[in-house]
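Have a look at the model first.

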Amino acid sequence: MYVGCDKTTRPTNFLFATFQTMKENRKNFQKDEFDYIIVDEAHHSKARTYFPTIRYFQSEFLLGLTATPDRLDGQKIEEFYGEPVYELGFVEATKRGLIAECDYRLVLDDLSQERLDEYLASNEKLSIKQLNRTLFIKKRDEEIVRLIGGYSAGVKNPKTMIFCRTITHARKIAQLMGDNAALVHKKNSDSANDRALRAFKSGEINTIISVDMLNEGVDIPDANVIVFLRNTVSPAVFYQQLGRGTRLAKGKKKVLVLDFVGNCERIKAILELKQEIDDFKLQIPVTEYSPHGAGEADSREKFTLNTATPEFQSRIIDIITLLETVRSRKEWTCEECIAAIQQLADRLGKTILSYTDYANSDIEMPVYATLQNRFGSFEAAIVAAGLQYERLSNERGRFDLEDELFAMARAYVSKLGREFLTVKNIEDNPEFPSWSTLSRQYGTIGNFNYLAGIASKKPVSRSRKKCPESRLVFDSKENIKLALSRKIEELGGSIPTTAQLEADETMPTKSQIRKFYAKYGDVYQDMGLDVGDLKKRQKYTDQEIRTEAHRIYHKLGHAPSRTEWNRYTTTCCYSTVTNRYGNYRDAIAELLSSSHN
């Protein structure tokens, strides 16, 4: 094993490692160290946690394993592995009996029959978002929990996994479910998530509620009830979550799936999946010698689809017809967009419109993507209508998964036909978080482009790009030492980091210091300071780091970004945090969730 604190140093024929650990330690190995490398969850190969390691090693053979090869951003993993040498899809696995039978229930008895009839009879222009918002009446959480209990009562020893939209929503559901349920999400500490999973696996609790976790890397074969309370635009994520319940286990033949997602596209996708399974014909007899493994390909129906009420079932065709009608209607012209925006402004009695005004409109409006295509940005469309645009920080998009944020960034830059995104591009698209929010995590727009896989090279720091005239000239050792003395006094006696020098135009840069000294640390020796202090930040214990994390949090009023953390010289650098604990955001969440004296 080569993970966390368990890093073997002895020679071995087989090494098992996590990518998080190998990413930070790969250079401890020769590039040709391994003859044969297997990459699990290979659909992540282009992520920044995987990519550097895969590219570093030069093995004789490289094998990628994944259940979900189709990425949301359209990038192809075939660039690493070539064409697939073996594939087995969900439909064929279902027909072969290699996964549990699926009792899929669309819990959509909240359909507005009146609105459906109105839309079918009219030629009203709608977006799919508007259609979903008005066609399905949102259930109260109390009603959802009651229905989950009612449906799962028919399952012997129910073991339930619930996938929620947000942490706030998940907490509400957990509260209503009672003591027999636990939460897992990325703002929990690793230890809290581990405790919840152990309790679920052991049967101490029978319900686990997740937000953007448990999609992969978790094996709980006896989970037999899956509940969808969130929609996802990614088919891969849908199949990952569904797959948590389709694993076979002793005594388990069937998984109950409760889908509360009131969404026309979801209904259509499930109907198409059901039809595909029904139409699929097995070509190869299933035997114990079959290349697909043993299965139960008998005449039993492996995937049943049920709807909440007979009334809803009779209207499914109407819903699909309406969805296709909305998709096929002529797109809005620029003039029609402007007229709609002006009509909205007149109704609200405003000359300044925000994205919230637009999103909450109850009149016929073009979808956001249409405005972007016609005018270049949402703000430009508002201005073209002769109005002013008001941007509110709480209207921006949110992303709990960094991969989804980066996928949208890559799709957006491709749509714009640009080589990289600018801050203005981000600000002009309210589907992104505001740049002030992103900058706290990523620093500069150059770093964001690089980490999102848009730019091929990491940018030079902003301070080095400035014209030489923008910094003071240091033409002697005395001037350098005088400036550094002021900085040390400003920092309360701490020696500044090179990042702090680069960020301060009144300070000499490391390169300027090197003009007069052979090594950067020599200047401090010349000043009579202990050069060992430069390494002091690397020697903090876990308890000291935890204490400092809480102190910084209370001082700032929020969890510190990497840049904000580095400004505090009383503790280690953020790179030490990531080396010791892994992902920075997860590390900070764990540090802050831990109690301290």
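Buried means under 20% relative accessible area, exposed means over 50%, and partly exposed is in between, with a 1.4 Å probe and protein chains only. By that scale Cys102 is buried, at a relative accessible area of 3%. This is a predicted model, in which local features need pLDDT of at least 70, side-chain atom pairs count only at pLDDT 80 or more, and totals for chains, interfaces and linings use all residues. Residues are numbered from 1 along each chain as its sequence is written, and side-chain values use heavy atoms, with hydrogens and water left out.

**Nonpolar cores**
- A nonpolar core is a set of buried Ala, Val, Leu, Ile, Met, Phe, Trp, Tyr and Cys residues joined through side-chain atoms within 4.5 Å.
- The largest one has 43 residues, and those with the most contacts inside it include Tyr104, Met161, Ile208 and Phe228.
- Helix α11 (residues 264–279) gives the most to this core, with five residues; helices here are DSSP runs of H or I, at least four residues, numbered from the N terminus.
- A second, separate core of 22 residues includes Val145, Val155, Ile173 and Val227.

**Contacts of Ile208**
- Leaving aside residues up to four places away in sequence, Ile208 touches residues including Met161, Val184, Phe200 and Leu214, where contact means heavy atoms within 4.5 Å.

**Cysteines**
- The structure holds zero disulfides, a disulfide being a pair of cysteine sulfur atoms within 2.5 Å.
- For Cys334, the nearest cysteine sulfur is that of Cys337, 6.3 Å away.
- Cys334 is partly exposed, with a relative accessible area of 27%.

Conventions: Helices (H or I, at least four residues) and strands (E, at least two) are DSSP runs, numbered from the N terminus.
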